[in-house]
Amino acid sequence: MKSGAEPRAPQDMRGAGLFDRVDYRLIETPEERDAVYEMRYRAYLHGGLISPSDSHRIVDVYDESPNAWIFGIYLDGELCSSLRLHVLTSEQRMSYTSELFGDVLHPRLDRGEVFVDPARFAADPEKSQRFHELPYLTLRLAYLACDHFKADLGLAMVRTDHQAFYRRVFLHETLTEPRPFPGWHSRQVVLMASDFAKLRERVLTRFPIMRSSAFERRMLFDRASQRQAVSRPMLVSAPLSPA
């Protein structure tokens, strides 16, 4: 990696400047998982969300749920951020979001709707200061999952002070009042969501890095392939935002 501060990507590309240096890796081995859990701890401690603990790890029962995918985002071969994705269906409902906001989600799951639920977003504190595009590159995985699994809604259980980002990028709307989140002593969260099919083209036009190929999505999410990495994700040509 280059030393010192990296220049930000042009505002309308939202991460394209780093795009060809990023690998998305499905986290499966004990060593990979431990690195992610340790990074979560450092990120949450740095953000004031948790108190110090002897384990120096953040892990929960949902990391082992059958409807979860844990990804590491590697920049120039170094772990920079991670994201856990849950695909919620009437048969598979396990996630922190469905536990905390079950009164909102379970009736819709009963009707057969499908949700993609990103959680446990964490970024290395030092690298997040150097690479301001990390949230876009990391949460891109949630948008690709919505496309792959034909989701009705893309969800986000979001800290109250982070709502503006999700409104701006994914056109999410806030569905609930703030609620306490177990383990985060200093923050409350809200449930946000957007209609993926209805808003898809608007998001893709404004943020071209959210585009993907069917091949990339299969490599990331098809369980049968058990792929460990997808390198050099394809940036599909698209007009940039007029902004």
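1. A helix axis, as used here, is a line fitted to C-alpha atoms over the stretch in contact, and the angle between two axes runs from 0 to 180 degrees between N-to-C directions. With that in hand, the axes of H6 and H7 cross at roughly 95° and come within 8 Å of each other. Angles of 65 to 115 degrees count as roughly perpendicular, so H6 is roughly perpendicular to H7. The structure is a predicted model, and the points below should be read with that in mind.

2. The residues that form the H6–H7 contact can be listed. From H6 come Arg168, Val169 and Phe170, and they meet Leu199, Val203 and Arg206 of H7. By class, this contact holds four nonpolar residues, two charged residues and no polar ones.

3. Which residues of helix H6 (residues 163–170) are buried? They are Gln163, Phe165, Tyr166, Val169 and Phe170. Around the axis they cover an arc of only 160°, and therefore they lie on the same side of H6.

4. The buried residues of H6 have several packing partners. Two are helices, H5 and H7 (196–206). The others are strands: S5 (153–159), S6 (173–174) and S8 (188–195). Just after H6, Leu171 has a positive phi of about 60°, a backbone detail to look at when following the chain out of this helix.

5. On the H5 side the contact is made by Arg140, Leu141, Leu144, Ala145, Asp147 and His148, and on the H8 side by Glu216, Arg217, Arg218, Leu220 and Phe221. These residues divide into five nonpolar, five charged and one polar.

6. Gln188 sits in strand S8. Pro178 lies ten residues from Gln188 along the chain, and their C-alpha atoms are separated by 5.7 Å. Setting aside neighbours within four places in sequence, Gln188 is in contact with Val158, Arg159 and Thr160, and also with Pro178, Arg179 and Pro180.

7. Val104 belongs to helix H3 (residues 102–110). With a relative accessible area of 25%, Val104 is partly exposed; the cut-off for buried is under 20%. Which residues does Val104 contact, leaving aside neighbours within four places in sequence? They are Thr176, Arg179 and Leu191. For Thr176, the separation from Val104 is 72 residues in sequence and 8.5 Å in space, C-alpha to C-alpha. Arg179 is listed as a contact of Val104 and is also listed for Gln188.

8. Finally, the chain as a whole. The model has eight helices and nine strands. Of its 243 residues, 54% count as buried. Among contacts between residues at least 6 apart in sequence, 73% join residues at least 24 apart. The chain exposes about 11200 Å², and carbon and sulfur atoms supply 53% of this area.

Terms used: Residues are numbered from 1 along each chain as its sequence is written. This is a predicted model: local features need pLDDT of at least 70, side-chain atom pairs count only at pLDDT 80 or more; totals for chains, interfaces and linings use all residues. Side-chain values use heavy atoms; hydrogens and water are left out. Contact means heavy atoms within 4.5 Å. Helices (H or I, at least four residues) and strands (E, at least two) are DSSP runs, numbered from the N terminus. Ala, Val, Leu, Ile, Met, Phe, Trp, Tyr, Cys and Pro count as nonpolar, Asp, Glu, Lys and Arg as charged, and the others, Gly among them, as polar. Buried means under 20% relative accessible area, exposed over 50%, partly exposed in between (1.4 Å probe, protein chains only). The arc is that of the directions from the helix axis to the C-beta atoms. Angles under 35 degrees count as roughly parallel, over 145 as roughly antiparallel, 65 to 115 as roughly perpendicular and the rest as oblique. Accessible areas come from the Shrake-Rupley method with a 1.4 Å probe; for residues, only the protein chains shown count as cover.
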